[in-house]
Amino acid sequence: MSDYDLIVLGAGPAGAAAAIKARSLGLSVAVIDEAPAAGGQVYRAPSPALTATQPDADREKGDALRAKLAASGAVLYANHRVWSLTSGFSVIAIGPDGPLTLEAPSLIVAAGAIERHIPVTGWTLPGVIGLAGATVLLKAHGVLPGRRVVVAGSGPLLLLVASKIVAAGGEVAAVVDAAPHTGWLARAGAMLARPDLMAKGAGWLLALLKARVPIHSGAAIRTIHGTDGVEAVTIGPVDRDWRPVGDAERTIAADAVCLGFGLLPATEVTRLLGAEHRYEPELGGWVPAVDASLQTSVPGLFVAGDGAGVRGADAAPLSGELAALGVISRLGRGGDLAREATKIATDWHRSSRFGAAMSALAMPPPGAAAMIAAETTVCRCEGLSRAKLDAAIAAGARTLADLKATTRCGMGPCGGRVCGEAAAMLIGAATGWDRATVGQPSARPPLRPVPLAAITGAFDYDNLPIPAPAPL
Amino acid sequence: MSALYDLAVIGGGILGSAAACRAAEGGMRTIVVEQQTLGSGASGVNAGTLSLQIKRVKLMPYAIKGHELWERAGERVGFHKTGGITLAFNQREAELLHERMALKREAGAPIELITPARVAELEPNLSRQVVAASWCAEDGYANASLSGAYYRTLLDTVGVDIRERTPVTAIDRSGGAFELATPTGTIRATRLLLACGAWLKAAGALLGLDLPVRARVNTVSVTERGPALVGTVIGHATGLLTLKQKPNGSVLIGGGWQGTGSPDEGRSWVDPTTLLPNLRLAMFAVPGLDRFRVVRSWTGFEANVPDFYPLAGAAPGIDNAFLLGCVRGGYTIGPYIGTLMGDLILGHEPELPLFDPGRFVTTAAAA
């Protein structure tokens, strides 16, 4: 017995658009999100304590999204953490009122993206946060990462985060971008397709130049110094393959570092449900294989937004609507939607070009593994250095599962979300295999750590369904 | 013409690797062919419990030998002899416990019954609702995820060739040799051992054998690191719980609760409706687990045949082909029964009798 026609996982721009579209065509829809309010990362709602912050364009878009979703009649389960799913589909979550299981014949996964981390020496010091994490601090909490911040890594989030820090009155000691200047130029064609977004990026850049923020292209952090927190950062040049080259180092005083290397599609749910995936570097890495309606290889399982391939916030709502039309067609509801779907698909492909170009710009080439020093911690949960992982690879580990088995890399609370890409880069560096050959990590429940008592709830021992004992 | 091996083993788990090592020690030129990576199947994903209290009576002599081999492997496989306690929480379970443990004791396992007060002394953090319990000082655990790395070293040491990520798609016979077709070329050997766990049925079919092999889908869960709660291996009278806390503080919870999926589908899934009672049983036995966060639950295939005894011996009707699998308690017994199989292939009389697959097989086509 289904609770809804459709369950949407994620209430960001893609998930909200999918829910609104499906509702407008008569489906019953539930939307589940971990956050207290809809909006996702890009339109994250400010904490209620922050009513005094200046409204900006993203804030206004987020408020409009929240209002439209609320008016649509979709049921929003905010503050709910999905920890398991089964095909068909059952979605198992834990919320403020305890466990929740919802069932529906269709599922749209709009789970967004996660950050790609490349460990550098000192990245485990307090004061080092991810670029995406920094946007949460700035948007939801109005908090600066530090007084004097180095913003480093790759991709468009560098300029976004740095300009937001400047706008909020903070000091950016340096922007350090591993991609060479020419990397941006190579993508200019795709960027010109979206002059409005180009202008947005140029605006960020202008704000940084006005604030006299030094921007180092073709450079990367070599060491983050400090004892109890960040005190300084040493940077140095990298070659076109992002290998550190030369000794032209400089050390910059700073008390915080925002560090990230682009976004990966969050594919835990589609992997858990056994959907096929393929490797698309232009879209951030492994993406679910989909048909024109964004249906995966698992019937009834659709994807939308950055989780289907990192294409950015402007493309996300279009993919959400496209997936919603796919769901409706599959359920045989809503008449002839082919023309509308074709139009949305055309718009979506157009708006995807910019985001995909940005995504490609952030993508580390294979040489980037050379940024990770032997003594640098790669797996933070288990305290494993690159040297330890390299030793396991030299002893025969060839997959992420092998590495996990022999070293426990990825067995901690992060479940491999923080260390997985770096570990895959190390396997690639040792074997010469490309990222596609190294393969994907397996996804297993719980999708996020869950306290045992939250899963088990209250129960009576005598009611446990104990099967017959094993043969004697 | 490719090299001719004396023995090709299909399956790089504990059973196949142990047999290959023994054959190579006996002078055979041996190769292990594995569709994934060494120890990536049941050998590597089981809960690692080494408990005589959950072994079948008839398999007890093999399990005791298996314990000795794991103990000898020691640190390389994360071996810990902690002793184990099996718990009964009501009268029905107490009767079951008494009846079963008496027979296992007769079979040679040093199992004794202990009082609930003694349980509380040994493990103060266990539930106080224990009505009966048994203790075996030989019990403990090892780290199953190290199986692949451990056997890789042993295989390298005795000079066995290892071919991983190599599925065998067909088996032909030509000129007295088996020819294994793989995506990367043909492997030729005069003898063949199928030791591919849940995939035994499919591999047997390549030889024209109809093996009555089915697969159970066992579930295991692990928590993040937490404060020390228990030091021994904890079990339940029904066998439906195994629980141990590793030195790093993480707690491993198993017991054979069934997930979904099959070897034919190529994967298996945790079933939340069986995971729930599995975790509840663990919580009931060790109430202090409530604050521990579960970080991962997973499943693995455990192959079996209708009588739940091993397939271990010559393949019926096919000269120089052998079968090894479906060993209930295969993690514990595997290193030993694999060695016995190696002896059989070398033409030696095994120290303990094997389990003739001929008791099931009716269709043996001479390939």
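Modeller: Two strands pair if DSSP finds at least two bridges between them. This model is predicted.

Biologist: Why do strands β5 and β14 of chain B count as paired?

Modeller: Four bridges join β5 (residues 84-88) to β14 (residues 233-236) of chain B. At least two are needed, so these strands pair. They run parallel. Look at B:I85: its bridge partner in β14(B) is B:I234.

Biologist: Which helix packs on the sheet and touches β5 and β14 of chain B?

Modeller: Helix α8 (residues 272-285) of chain B does. It also touches other strands of chain B, including β13 (214-223) and β19 (293-304). Its direction makes about 50 degrees with that of β13(B).

Biologist: How do you know that β2 and β3 of chain A pair?

Modeller: Count the bridges. There are three between β2 (residues 29-32) and β3 of chain A. The rule asks for at least two, so they pair. The sense is parallel. A:I32 stands opposite A:Y77 in β3(A).

Biologist: In what order do the five strands of the open sheet in chain A come?

Modeller: The order is β3-β2-β1-β7-β20, with parallel pairing.

Biologist: What makes β3 and β20 of chain A edge strands?

Modeller: β3 (75-77) and β20 (301-303) of chain A each pair on one side only.

Biologist: What makes helix α9 of chain A lie across β7 of chain A?

Modeller: Contact means C-beta atoms within 7 Å. Helix α9 (residues 316-330) lies across β1 (6-9), β7 (106-109) and β20 of chain A. Helix α9 runs at about 170 degrees to β7(A).

Definitions and conventions. Residues numbered from 1 in each chain as written. Chains lettered and ligands numbered in written order. Predicted model: local features only at pLDDT ≥ 70, side-chain atom pairs only at ≥ 80, totals over all residues. Contact = placed C-beta atoms within 7 Å. Axes fitted to C-alpha atoms, helices over the stretch in contact; angles between N-to-C directions.
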